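Work through the exercises below with the sequence and the model at hand. Each task is followed by a solution in steps.

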Amino acid sequence: SLFVLFSQILSSNQIFRDQQRLNAWDRMFANRIISRLESMDGFSNVQYVYIQGGRYGYPAPLKTLQGDMNISAFSPSWTKLRLLEEVTGYSFARPSAIQVKVGESYCAKSKPWPHKEAIGIDENLAIICL
């Protein structure tokens, strides 16, 4: 029983460590996105953020990446905007249906991240194409 207990502790520790690594990568990615936005003209007017696409994980492998365990916060649609706010301290609102159409149109014409065109600003809407 000690062996089973010890194995379970090691397994739980690996899951926790992988989640910490993934969270750090998400924070760094969010900061890169915001840094690029901040360098653009019109950032001071941004109130809404539209994010299209996302990523399930990163190229670096994680031992516990399976199912919905240890996935990037840039994968589920409801976490992306809140992650940007949490990491940067900015307050953004979800885009309206009209703004979503503007964002979809922009992303259809642009190249995805990390290309320079992946991020744009349209009046008070920041558009991020992942």
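**Exercise 1. Compare the span of α3 with the expected span, then describe how the helix is placed.**

Step 1. Helix α3 contains 13 residues, and its first and last C-alpha atoms are 19 Å apart, close to the 18 Å expected at 1.5 Å a residue. The expected span is 1.5 Å times one less than the number of residues. Helices (H or I, at least four residues) and strands (E, at least two) are DSSP runs, numbered from the N terminus.

Step 2. The model is predicted: local features need pLDDT of at least 70, side-chain atom pairs count only at pLDDT 80 or more, and totals for chains, interfaces and linings use all residues. Residues are numbered from 1 along each chain as its sequence is written, and side-chain values use heavy atoms, with hydrogens and water left out.

Step 3. Gln99, Gly103 and Cys107 are buried in α3. Buried means under 20% relative accessible area, exposed over 50%, and partly exposed in between (1.4 Å probe, protein chains only).

Step 4. Viewed down the axis of α3, the buried residues fall within an arc of 70°, so they line one face of the helix. The arc is taken over the directions from the helix axis to the C-beta atoms.

Step 5. That buried set packs against β1 (48–52) and β3, where contact means heavy atoms within 4.5 Å. On the other side of α3, Ala97, Ile98, Lys101, Ala108 and Lys109 are exposed.

**Exercise 2. Find the disulfide and give its handedness.**

Step 1. The structure has one disulfide, defined as a pair of cysteine sulfur atoms within 2.5 Å.

Step 2. Cys107 and Cys129 form this bond, with an S to S distance of 2.0 Å. Their S-S torsion is about -90°, so the disulfide is left-handed.

Step 3. The bond links distant parts of the chain, with Cys107 in helix α3 and Cys129 in strand β3, 22 residues apart. Both Cys107 and Cys129 are buried.

**Exercise 3. Locate the salt bridge and state the accessibility of Arg82 and Glu85.**

Step 1. Searching the whole structure gives one salt bridge: a side-chain nitrogen of Lys or Arg within 4 Å of a carboxyl oxygen of Asp or Glu.

Step 2. The partners are Arg82 and Glu85, at 2.3 Å from N to O. Because they are three residues apart in helix α2, about one helical turn separates them.

Step 3. Arg82 is partly exposed, at 39% relative accessible area, whereas Glu85 counts as buried at 15%.

Step 4. The buried residues of α2 (residues 80–88) are Lys80, Leu81, Leu83, Leu84 and Glu85. Just after α2, Gly89 has a positive phi of about 85°.

**Exercise 4. Which peptide bond is cis, and where does Glu123 lie?**

Step 1. The cis peptide bond joins Trp113 to Pro114, with omega of about 15°. Pro114 belongs to the loop between α3 (97–109) and β2 (119–122).

Step 2. Glu123 is in the loop between β2 and β3 (125–129). Its phi is positive, about 55°, although Glu123 is not a glycine. Glu123 is exposed, at 67% relative accessible area.

**Exercise 5. Describe the chain as a whole.**

Step 1. The protein chain has three helices and three strands, in the order α-β-α-α-β-β along the sequence.

Step 2. Of its 130 residues, 32% count as buried.
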